[in-house]
Amino acid sequence: MRSTIQFASAVLALAALAFNAMPAAVATETPDPVADARAFKKYFTEKFPKVKLEDFVNGPYSMNEDMHRQWEEKEQFPPYDFSLEAGKEMFAKPFKNGKTYADCFANQGIGIRQNYPYFDEKEGKVVTLELALNRCREANGEAPLSYVKDEMAALTAYMAFTSRGKPFDIKIPNDPRALEAFQNGKRYFYTRRGQLNFSCASCHVQNPGERIRAEILAPALGILNAMPIYRSEWGGMGTISRRFTTCNSQIRGVPLEPQADEYRDLEYYLSYVSNGLPISGPGARP
Amino acid sequence: MIRKPGMLKSLGVVALIAGTTAAFAASSEADFKAAYAAAEAANQEAGKLRNQWTTTTAALAAAKKAAAAGDFDQAVASSNAAEALAKASIFQATSEKEAWKAIEIR
Amino acid sequence: MASSIRVRATSSGETTEVQALIQHPMDSGFVKDAKGELIPPHFIQQLTFEYDGKNVFIADWGPAVSKDPYIKFSFKGGKKGDDLKISWIDNKGASDTTTAKIQ
């Protein structure tokens, strides 16, 4: 019986796709990140004229007054406090070989979160903060951390905290590979996936402020600024990797590996279009 | 029982359906293996497109579980469902290659 | 090791507002782990706030309260500089206590 339903929904999904698939008459253009970022900000500021630009980083709290009030109260004693404190200790603790995380980063790793991700021209790929942290560990003889929670969340929480208030400052060098990475990230963002046929945009561009079941959807503008987050739904901390992978499975798409090329490029795109908005991490979410 | 014209035809249809059902009831392990292989191949193709669905994975697992329990009818049904889902996910990935541009903020 | 209780109490003359964040797993006993086994219940059963020898707030908790609970309440009285004592005890018999100065 179940398989019959699944079969039927597969057929429906096919039909729905056929119905929605529009033969796009859009020519392949040269990527123009500056124009994209401008259009992105314009879309959200026009959709929500009462929300200040820097407030978009507060996600659902910028969309709902009652939630905003409760969140402001909670911020006096935020749930990410324990993780943040642990992250500060972890960051300072030397590796077995005597070196520390500070040795891997510019400015000792303090106040630099807003520069990630960046395009590494030597490698030809996007490097995220989470990836950089694990590479630092491996370069110093330590085992890599899980990308989704616990220590990785604590470390990125601390690094985000040292950058609080600093505006996102993502750079796209004049390199066709960097432009391609940006374009890949953009394409991923708008592409429908999973059996539920949602794209990131379905929720975060077409329906911010609306409800999906009991949750209020966040706008895509500034959506990474509060990461990592203590999410009540998770009962704990989660990183950007955690959010991307769980989002995929929620729409019934098999998640890619954390820090897969697609995810790195997605993070690159989403961070760049939020340039100028302040880092607010670590954050708390419902 | 009142005989009416067309009744024989209906009986014939019933027999056809019954016959078809009977054929299903006789699904063998070979039938399952073939159906499963087709489903897996489709899912792997979806994997190359980086667009597999969790429900496909679940249907494949259900097929394997049913086969292990000797219920090859169910195993074949689940495999067929998995193949349909996998093919739908391939269709999605292919059509989205262009379709995504329609919702891009410009 | 740091206390599991973080507290801030502010007096505004007539009333004192108290906020506290407590680090505790608050396992309900209904959740299964990755292996499919039930995680045993482990939650705070009683939380008490004591001022001037009297209990100003007592909470009797059960499995419905989530991990790392946050509490906020106000009570009449309380002077700046006075002590506020907070303690909890959980279903395993573990406990923690801390004292904070009202600001």
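Colleague: Which residues of β6 in chain C are on the covered face, and which on the uncovered one?
Modeller: Strand β6 (residues 83–90) of chain C has L84(C), I86(C), W88(C) and D90(C) on its covered face. The uncovered face has D83(C), K85(C), S87(C) and I89(C). Strands here are DSSP runs (E, at least two residues) and helices are H or I runs of at least four, numbered from the N terminus.

Colleague: Why the every-other-residue pattern?
Modeller: In a regular strand the side chains alternate between the two faces of the sheet.

Colleague: Before I read too much into it, where does this come from?
Modeller: It's a predicted model, where local features need pLDDT of at least 70 and side-chain atom pairs count only at pLDDT 80 or more, while totals for chains, interfaces and linings use all residues. Residues are numbered from 1 along each chain as its sequence is written, and chains are lettered from A and ligands numbered from 1 in the order in which they are written.

Colleague: OK, back to β6(C). What does β3(C) do with it?
Modeller: β3 (residues 44–51) of chain C pairs with β6(C) in the antiparallel sense over 6 bridges; pairing means that DSSP finds at least two bridges between two strands.

Colleague: What's in the turn between β6(C) and β7(C)?
Modeller: That hairpin has 4 residues between the strands, and G93(C) takes a positive phi near 90°.

Colleague: How many bridges between β2(C) and β5(C)?
Modeller: 7, with β2(C) covering residues 15–22. One of the pairs is T16(C) with F75(C).

Colleague: How many helices and strands in chain C overall?
Modeller: 0 helices and 7 strands. Its C-alpha atoms fill a box of roughly 55 × 25 × 20 Å along the principal axes. Of its 103 residues, 20% are buried, which takes 20 or more other C-beta atoms within 10 Å of a residue's own, C-beta atoms being placed from the backbone (12 or fewer is exposed, in between is partly exposed).

Colleague: Switching to chain A, which strands make up its open sheet?
Modeller: β6-β5-β7, in that order, with mixed pairing. Neighbouring strands there are turned by 35° on average, direction ignored. β5 (residues 229–231) of chain A runs antiparallel to β6(A), joined by 3 bridges, and Y230(A) stands opposite M237(A).

Colleague: Last one: how many residues of chain B are in contact with chain A?
Modeller: 28 residues of chain B, against 32 of chain A, where contact means C-beta atoms, placed from the backbone, within 7 Å. On the chain B side, α3 (54–68) and α4 (72–99) are the elements giving two or more residues, and α4(B) gives the most, with 13.

Methods
Contact = placed C-beta atoms within 7 Å. Axes fitted to C-alpha atoms, helices over the stretch in contact; angles between N-to-C directions.
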